[in-house]
Amino acid sequence: MNLGTRDSSIETIRDPSRVLVVGKSPVNRVVVSKIVERSGLRPISEPPEMAAKTLRTLVPGAIVLDGGPDNKDCDNLMPGIETLRRASGKSLPPVILLSTKNGTPESLGLSNVIDAVVAKPITPERLQPVIDRLISR
């Protein structure tokens, strides 16, 4: 774990072992958090409103966003995630979107901060390999 700063008044902690799990549905967040734990990582489960605050002080190893029925539940987080990625210079942290639609970020017309799309229903067989691949890159 190392410390970095984004602005002089706030300490930012970079923790690659943490995965920020964001979504409006508490049930979906629990399911995704259990899958994250199976990858040997530590989930932080939050609704979109709280996740924005967390991203000001923590740079997680990855972010999993539950897009909800229209892929827009977490849109308010995109500018903050984009800023984090620009600061890292490496498109980090990687971002996974859980979607009701199948496709790539490009084919679904999603934000350029989305690295992978996993179609619902969310299962360990679908999500865990994507988490493992993006975390290890």
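## Order of elements

From the N terminus, the elements of the protein run β-β-α-β-α-β-α-β-β-α, which comes to four helices and six strands. Helices (H or I, at least four residues) and strands (E, at least two) are DSSP runs numbered from the N terminus. The model is predicted: local features need pLDDT of at least 70 and side-chain atom pairs pLDDT 80 or more, while totals for chains, interfaces and linings use all residues. Residues are numbered from 1 along each chain as its sequence is written, and side-chain values use heavy atoms, without hydrogens and water.

## Overall dimensions

Along the principal axes, the C-alpha atoms fill a box of roughly 40 × 30 × 30 Å.

Buried residues (under 20% relative accessible area, 1.4 Å probe, protein chains only) make up 43% of the 137 residues.

## Helix H1

Helix H1 covers residues 26–38. Gly40, with a positive phi near 80°, follows H1.

The buried residues of H1 are Arg29, Val32, Ser33, Ile35 and Val36. They cover an arc of only 160° around the axis, which puts them on the same side of H1; the arc is that of the directions from the helix axis to the C-beta atoms. Val27, Lys34 and Arg38, on the other side of H1, are exposed (over 50% relative accessible area).

Notes
Expected span 1.5 Å × (residues − 1).
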